[in-house]
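Me: Could you help me learn to read a structure like this one? I would like to start with the ligand.

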Amino acid sequence: MPPGKKILIIIGSASENSSNQKLMEQVLEKTGYMNFQMYDDLSVFPHFDTALTDDDTPEEVLKVREDIKNSAGVIFSTPEYIFSIPGRLKNLLEWCVSTTVFSAKPVAVITASASGEKGHEELLLILRTLGAVTDDKHQALIKGIKGKFDSNGLLESNTFAKVSKLVTDFRTLFHN
Ligand SMILES: Cc1cc2nc3c(=O)[nH]c(=O)nc-3n(C[C@H](O)[C@H](O)[C@H](O)COP(=O)(O)O)c2cc1C
């Protein structure tokens, strides 16, 4: 793996004050890891449409596909919405179906939600279908995420340690 490739972080939440975003920001800040790029607002991607030809593909979509393709790996951190993955995240993944951007791409999957089992399983299934590769140690289901921040918005230590370890382990895949 050439040095300098970024890890892409994709936040699945549709909320501005997202627990998943805070979780990832706090972990990345404390570990001092700088070589990442975060997509935290998936509303920028128009609805997937099979009628669009390659020439009509929206610029934002072309850009995220390039970012995924050129990344060392991708970390997803997302809540579950109605026993599934959030629509905006599904939409982004639909835009990637006819491409090879996830082929053999290492991915880590964090589902931080009230409950989250179904969404977690579903995201793993979708990513494997797209050709991505993932390992048990790069997956975490964190239940009751909203209760894991103190009154100052700081993530509690056990969850922090768990996610930090996952991110550190994931990074060692690329020696970066
Ligand atoms: C539209 C909607 C549907 C939800 N459905 C579920 C659900 O099925 N399972 C679950 O665990 N949490 C569900 N939740 C609650 C989220 O897990 C919770 O709001 C979580 O903190 C969201 O993560 P975020 O703060 O990163 O947005 C739902 C929230 C919304 C807004």
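Reply: Start with the classes: Ala, Val, Leu, Ile, Met, Phe, Trp, Tyr, Cys and Pro count as nonpolar, Asp, Glu, Lys and Arg as charged, and the others, Gly among them, as polar. Here the shell around the ligand has six nonpolar, eight polar and two charged residues. This is a predicted model, where local features need pLDDT of at least 70 and side-chain atom pairs count only at pLDDT 80 or more, while totals for chains, interfaces and linings use all residues. Residues are numbered from 1 along each chain as its sequence is written, and side-chain values use heavy atoms, leaving out hydrogens and water.

Me: How many residues surround the ligand, and which are the closest?

Reply: A residue is near a molecule if one of its heavy atoms lies within 4 Å of it. Around this ligand there are 16, the closest being Ser13, Ser18, Glu80, Ser113 and Ser115.

Me: Which backbone atom lies 2.9 Å from a nitrogen atom of the ligand?

Reply: A polar contact is a pair of N or O atoms within 3.5 Å. The atom you ask about is a backbone N or O of Ile82. Ligand oxygen also comes 2.8 Å from a polar backbone atom of Ser19 and 3.0 Å from one of Ala114.

Me: What angle do helices α3 and α4 make?

Reply: Two packed helices are described by the angle between their axes and the distance between the axes. Helix α3 (residues 87–96) and helix α4 (residues 117–129) pack at about 10 degrees, with axes 11 Å apart.

Note on methods. Axes are lines fitted to C-alpha atoms, for helices over the stretch in contact, and angles run from 0 to 180 degrees between N-to-C directions. Helices (H or I, at least four residues) and strands (E, at least two) are DSSP runs, numbered from the N terminus. A polar contact is a pair of N or O atoms within 3.5 Å; within protein, one must be able to donate a hydrogen and the other to accept it, and residues adjacent in sequence count only if both atoms are side-chain atoms.
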